[in-house]
Amino acid sequence: MDPSPPAPEISTESSASSSSSSAVDDLAKGLAAMSLQDRFALLRGIAEECIQEDELMNLLEKKPVPICYDGFEPSGRMHIAQGIVKTINVNKMVKAGCKVKIWIADWFAQLNNKMGGDLKKIQTVGRYMIEIWKAAGMNLDGVEFLWSSEEINKRANEYWPLVMDIARKNNVKRIMRCCQIMGRSDSEELTAAQIFYPCMQCADIFFLKADICQLGMDQRKVNVLAREYCTDIKRKNKPIILSHHMLPGFKEGQEKMSKSDPTSAIFMEDDEAAVNLKIKQAFCPPSIVEGNPCLEYIKYIVFPWFETFEVVRKEANGGNKTFANMDELIADYESGALHPADVKPALAKAINQILQPIRDHFNNNSEAKVLLNTVKKYRVTN
């Protein structure tokens, strides 16, 4: 099943949200067709790690529409993991009956000195990113986009005492261990604002009344901090952590995509030629599965999107073949029956098919085109 429904009508309004009480009611009614085990499997399948599985099952048993928290810093280019993998995961959460709150962390981007700390630019990038998810087919029926600057100002008397209490209950060393969430290491010289950042992100989870934190493995430490805080305040119901896999970069040994290295990943505005070239140059050792970025793209993007992987090749090379699952593909790849020269063109074709509706939207929609060109100018300036 293609996880992306037909793209809804596009709007560039920053506060755009298709979430409503009636939409949530419809989600709850739709759960009648899914068993508890089906819902659990759908959510558990998102994550490389779940803390804790028994708590997730208990939550689904007791709460018809759990609240899932996801968030992002508007910080320039969007790579395919942020654009497509997030769309896939959000659509799974909505299908499982969750209400998804996506936290647009504009103040956090400013704290982390993204876009030179210019809040207006950061918010424009945020609107651009929302536009991409809409064009990609994110199911907005159960999604609410919330801007951190707006929501915190609305309920400052609730938010800041919570941040202060988290800060009081943790020493600087513990907070420094969370610096990875900002793309920083604990050995870097950080500003006071950046040290404050983890306390705020931890507070976000409770501020948004989240039952589930669905973020990448790189955000695991601050999510664990939130569970530790629950222990400190003797709160029984801790946020459940679903940490998804982090896609590697295209170069050998590159554990994570990098926005500063444009050759390390596919970006959402890449044209067909750029996608073809990046995949052609990607590390893809014959018969080796471990640490092979091309196979990871197939596993985490192509199969969830299309449910199959189609290879077109000459009869002399084995002929065309459609793989129904990753295990089947791995068996052929390890045996040498499937070669990198077969994998790469098929992967490039699949990725280009996924990205084409986004390209079409930004080419054909005048407002979206202006937004993209504005963000591109920011990159030159920064």
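Please keep in mind as you read that the model is predicted.

## The chain as a whole

Stepping back, the protein chain has 16 helices and eight strands. The chain has 382 residues, and 54% of them count as buried. Among contacts with a separation of 6 or more, 75% are between residues 24 or more positions apart.

## Helix 4 up close

Helix 4 runs over residues 80–95. With its 16 residues, helix 4 reaches 22 Å from its first C-alpha to its last, close to the 22 Å expected at 1.5 Å a residue. Where does helix 4 bend? The bend is at Lys86, and its angle is about 25°.

Is helix 4 largely enclosed or left open by the rest of the structure? Of its 16 residues, 14 are buried, so helix 4 is largely enclosed by the rest of the structure. Just after helix 4 comes Gly97, which takes a positive phi of about 95°.

## Salt bridges

Across the whole structure, a search finds 16 salt bridges. One of them brings us back to the residue where helix 4 bends: the side chains of Lys86 and Asp70 meet with N and O 3.0 Å apart. This pair links distant parts of the chain, with Lys86 in helix 4 and Asp70 in strand 2 (residues 67–72), 16 residues apart. Are these two partners buried or exposed? Both Lys86 and Asp70 are buried.

A second bridge joins the side chains of Glu144 and Lys99, at 3.4 Å from N to O. Here too the pair links distant parts of the chain: Glu144 belongs to strand 4 (residues 143–147) and Lys99 to strand 3 (residues 99–104), 45 residues apart. Glu144 is partly exposed, with a relative accessible area of 21%. Arg44 and Glu53 form another salt bridge, in which the closest N and O atoms are 2.7 Å apart, and Glu53 is partly exposed at a relative accessible area of 38%. Finally, a network of salt bridges links Arg155, Glu158 and Lys209.

## A look at Ser149

Our last stop is Ser149, which lies in helix 7 (residues 148–154). Ser149 has a relative accessible area of 7%, so this residue counts as buried. Which residues is Ser149 in contact with, leaving aside neighbours within four places in sequence? They are Asp106, Trp107 and Gln123.

Methods: Residues are numbered from 1 along each chain as its sequence is written. This is a predicted model: local features need pLDDT of at least 70, side-chain atom pairs count only at pLDDT 80 or more; totals for chains, interfaces and linings use all residues. Side-chain values use heavy atoms; hydrogens and water are left out. Helices (H or I, at least four residues) and strands (E, at least two) are DSSP runs, numbered from the N terminus. Buried means under 20% relative accessible area, exposed over 50%, partly exposed in between (1.4 Å probe, protein chains only). Contact means heavy atoms within 4.5 Å. A salt bridge is a side-chain nitrogen of Lys or Arg within 4 Å of a carboxyl oxygen of Asp or Glu. The expected span of a helix is 1.5 Å times one less than its number of residues. The bend at a residue is the angle between axes fitted to the seven residues ending there and the seven starting there.
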